[in-house]
Amino acid sequence: MRRALALARTVMTSTTPNPRVGCVIVRDGRILGEGATQPPGGPHAEVCALRDAQARGESVKGATMYVTLEPCSHHGRTPPCADAVIAARPARVVVAMGDPNPQVGGRGLARLREAGIVVSTGVCHDEALEINAGFVARMSRGTPWTWVKMATSLDGRSALHNGVSQWITGEAARADGHAWRARSCVVLTGMGTVQKDNPQLNVRSVATLRQPPRAVVDGRFAIAEDARLFDGGDVIIFTAQPDAAKAARLARRNVRVVALPDAHTGRVDLPAMMRWLGEHDFNEVHVEAGAGLGGALVSAGCVDELLVYLAPVLLGDAAAMLRLPLIEHLDSARRFEFTDLARIGPDLRLRARDPARWQALQRQTVCR
């Protein structure tokens, strides 16, 4: 199964909106075939592994198949993987986690069992969920899995009071941040960052098969039409004050304007934005923004995970990582759970996630 998980990790940037899946077929400790899900419209992992076995001249009848996600049981862009597996007649299929897609939801496993194939489940479940948290979130709750990426000093500062923030962390940390951009389905920022930095927000420091779309929360639709974001790639502007003429001009440059005003605040309705992204098949959102938007997303309950790059430097009286409301009691604090600590060049990368939101995904992927 860990080999299957490793195969799934090789397609982190290419399968969206489909899940990243790996499959390995073995007999007597020998690999007969293996594969990972191809870009949308291409074969899924199970079919790739079966074709690999066939190319090697191997029969998989009576073998054991390890797959990181329940085989699909419905017709989409490709036929059901469950049918291909049944036709190949392995003796056993080992599955890491169930598929929360309502069109699958245990039906793939049921079909395998009905065909006389022994099914084992739950092997390396959480490792498989880590790879596809976004797909599971979108399928089960209708919104993407969202992380906020931040670079900070040891004293929790993200920029000087004059706005200077480049560069708090080193080159290795910045390249690692680009890898997280590459795996996401959209890179989201705020209008303040666009005005201050005029960023490209594309993937440059690592190889990628695609550039994820960029998105901007721009409540007043004030973005300059010559912003560097508008480089020909897909861009989404979320606003509360649409301007049809400006939107039409930007549409010619692959820019989509989405009006989602919050009737109470006059700003962009952030939970509605997340629902819109889920409805449009975005699995993962990578947020790179200032303290204002980052804090607003946390306060609105839109953030699942924090991705923090910690530099060994002190900045003193400077801007905080997130702008959050004042609280009077620790019971009101938003609590996260550390899940990973890694040395990235001279810096540290910390990951922390909302434990309740993660546990909800775990429950959705228990095999039935």
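At a relative accessibility of 7%, Arg181 counts as buried, the term denoting under 20% relative accessible area, with exposed meaning over 50% and partly exposed in between (1.4 Å probe, protein chains only). The model is predicted: local features need pLDDT of at least 70, side-chain atom pairs count only at pLDDT 80 or more, and totals for chains, interfaces and linings use all residues. Residues are numbered from 1 along each chain as its sequence is written, and side-chain values use heavy atoms, hydrogens and water being left out.

Arg181 is found in helix α7; helices (H or I, at least four residues) and strands (E, at least two) are DSSP runs numbered from the N terminus. Neighbours within four places in sequence aside, the contacts of Arg181 (heavy atoms within 4.5 Å) are with Val187, Leu201, Asn202, Val203, Arg204, Pro212, His286 and Glu288. An unreviewed UniProt entry annotates Ser165, Trp167, Arg181, Leu201, Arg204 and Glu288 as "binding site"; UniProt positions follow the numbering used here, feature names are shortened, and annotations may be inferred rather than shown by experiment. Glu288 is located in the loop between β12 (284-287) and α11 (291-299) and is buried, at 14% relative accessibility. Beyond four places in sequence, Glu288 is in contact with Lys149, Arg181, Leu188, Thr189 and Leu201.

Helix α7 (residues 171-183) also holds Arg183, a buried residue with a relative accessible area of 13%. With neighbours within four places in sequence left aside, Arg183 contacts Met12, Thr13, Arg20, Glu130, Ile131, Trp147, Arg210 and Glu284.

The "active site" annotation in UniProt (unreviewed entry) lists Glu46, which lies in helix α2 (residues 45-55). Glu46 is buried, its relative accessibility being 3%. Residues up to four places away in sequence not being counted, Glu46 touches Cys23, Met65, Val67, Leu69, Glu70, Pro71, Cys72, Cys81 and Val85. The buried residues of α2 are Ala45, Glu46, Val47, Cys48, Ala49, Leu50 and Ala53, and their cover includes β1 (22-27), β2 (30-36), β3 (64-67) and α3. Following α2 is Gly57, with a positive phi near 75°.

Two packed helices are described by the angle between their axes and the distance between the axes. Here axes are lines fitted to C-alpha atoms, for helices over the stretch in contact, and angles run from 0 to 180 degrees between N-to-C directions. Helix α3 (residues 81-88) packs against helix α4 (residues 107-114) at an angle of about 20°, the axes being 10 Å apart. The two helices α3 and α4 are therefore roughly parallel; angles under 35 degrees count as roughly parallel, over 145 as roughly antiparallel, 65 to 115 as roughly perpendicular and the rest as oblique. Ala82, Asp83, Val85 and Ile86 of α3 make the contact with Gly108, Arg111 and Leu112 of α4. By class, this contact of α3 with α4 has 4 nonpolar, 1 polar and 2 charged residues, where Ala, Val, Leu, Ile, Met, Phe, Trp, Tyr, Cys and Pro count as nonpolar, Asp, Glu, Lys and Arg as charged, and the others, Gly among them, as polar.

Helix α6 (residues 133-141) and helix α12 (residues 355-364) pack at about 80°, with axes 10 Å apart, and are therefore roughly perpendicular to each other. From α6, Ala133, Val136, Ala137, Ser140 and Arg141 meet Arg357, Trp358, Leu361 and Gln364 of α12. The contact of α6 with α12 has 5 nonpolar, 2 polar and 2 charged residues.
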